[in-house]
Amino acid sequence: MAYAAQRDPLLFLELPTEILVHVLGYLPLPDLYHIRTVCSQLLRLIDNSSYSHSLWNEASLERVSVNQYNIPVIQRAARHGNMEALIKLAVAYLYSEGVPDGKGKGTVNAVNGWKAADYLILAESQSVHRQPFSWVLIRPPLVGNCVCCKACVCFRMKQHCDIASDEEFVPSLF
């Protein structure tokens, strides 16, 4: 008992990097994003190390909704191929929920439709099954032009399918 009281405590940042990364991997995405501000060592580990990609890619978005405050955090995870982030952003843009509005009537539908389609395309490119799954998220639009967001998504994804048969198409969201 007396020996344990005399030992210096091991500080969190003194743990081996692999253990730090393992512990950080259990953090939900918003917490991972905010813990970077604690110190420069955590910032480097989370943003600029060989572990950065896996931390952002595997971070959980459970109980995280898309809104104006956390969109940059979710987009950052999406850039690292986080499937949950890609799907959440696609659905948010598809239904224009929690995402910025475009300028002018009808513009928001077209812009959000294109973004939703691009996030769905990126999500499908990450899928190991290689069977399209995003079509379950949208129903065919009632109108054929890009007046509604779903029409833009259908048009963009159809365009992707036509291009993908000839060459690899990866949309540029970032």
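Visitor: Which residue forms a salt bridge with Asp 47, and how far apart are the closest N and O atoms?
Guide: Arg 36 does, with the closest N and O atoms 2.9 Å apart. Helices here are DSSP runs (H or I, at least four residues), numbered from the N terminus.

A word on the source: this is a predicted model, where local features need pLDDT of at least 70 and side-chain atom pairs count only at pLDDT 80 or more, while totals for chains, interfaces and linings use all residues. Residues are numbered from 1 along each chain as its sequence is written, and side-chain values use heavy atoms, with hydrogens and water left out.

Visitor: Why is Asp 47 called buried?
Guide: Its relative accessible area is 17%, and buried means under 20%, exposed over 50%, partly exposed in between (1.4 Å probe, protein chains only). Arg 36, at 12%, is therefore buried by that rule too.

Visitor: What makes Arg 76 a salt-bridge partner of Asp 47?
Guide: Their closest N and O atoms are 3.4 Å apart, so the pair meets the cut-off. Arg 76 sits in helix α6 (residues 71-79), 29 residues from Asp 47. Through shared partners, Arg 36, Asp 47 and Arg 76 form one network.

Technical notes: Salt bridge = Lys/Arg side-chain N within 4 Å of Asp/Glu carboxyl O. Helix = DSSP H or I, 4+ residues; strand = E, 2+ residues; numbered from the N terminus.
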